[in-house]
Amino acid sequence: MTTIVTTEPFTTALDEAKSLVYGNRNKDYGHPAEDMKRTAQMWSAVLGTEVSALQVALCMACVKISREMNAHKQDNLVDLAGYAEVASRIMRYEQGIEPN
C-alpha cells in the first residue's frame, strides 16, 4: 500500500482535476469534446479504424492507470480523474446538454 505524505495544504485529486479540466486547458485547447475529436481523427488515420472522442478519453485514462500501476505519482491520479470528467463532458456535449 502506498502512503501519501504531504506538508502542503490538502487538495484532492478531484479538486485539482476540476481546476484543470475547466480552467487553463479548456481555454488553451477548447472544449474537451473538440480537442479529443481532433486526437481521434489522428488516431483513426494511424490505426486504420474509426476512433471516437470518447474512446480517446477512455484510452488516456487507461494510460494513467498503467502508469500508476508501475509507480505512484499523484499526477496520474489527478489526470485519471480529469479524463473521467472529460469523458463525461464529451457525452454531455454530444447530447447537446453542454455548450462550447
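Accessible areas here come from the Shrake-Rupley method with a 1.4 Å probe. The structure is a predicted model, and the values below refer to that model.

**Overall surface and fold**

By this method the protein chain exposes about 7000 Å². Carbon and sulfur atoms supply 57% of that area. The secondary structure consists of 5 helices and 0 strands, and reading along the sequence gives the pattern α-α-α-α-α. The C-alpha trace spans about 45 × 30 × 20 Å along its principal axes.

The values for the whole protein chain are collected here.

| Property of the protein chain | Value |
|---|---|
| Buried residues, of 100 residues | 30% |
| Contacts between residues 24 or more positions apart, among those with a separation of 6 or more | 55% |
| Distance between mean positions of positive and negative charges | 2 Å |

**Charges**

The protein chain carries 10 positive and 13 negative charges. The mean position of the positive charges lies 2 Å from that of the negative charges.

**Asn-70**

Asn-70 belongs to helix α4, which covers residues 53–70. Is Asn-70 buried or exposed? Its relative accessible area is 68%, and because exposed means over 50%, Asn-70 counts as exposed. Tyr-83 is 13 residues away from Asn-70 along the chain. The C-alpha atoms of Asn-70 and Tyr-83 are separated by 19 Å.

How values were computed: Residues numbered from 1 in each chain as written. Predicted model: local features only at pLDDT ≥ 70, side-chain atom pairs only at ≥ 80, totals over all residues. Heavy atoms only, no water. Helix = DSSP H or I, 4+ residues; strand = E, 2+ residues; numbered from the N terminus. Buried < 20%, exposed > 50% of the residue type's maximum accessible area, 1.4 Å probe, protein only. Contact = heavy atoms within 4.5 Å. Lys, Arg positive; Asp, Glu negative; His and termini not counted. Charge placed at Lys NZ, Arg CZ, Asp CG, Glu CD.
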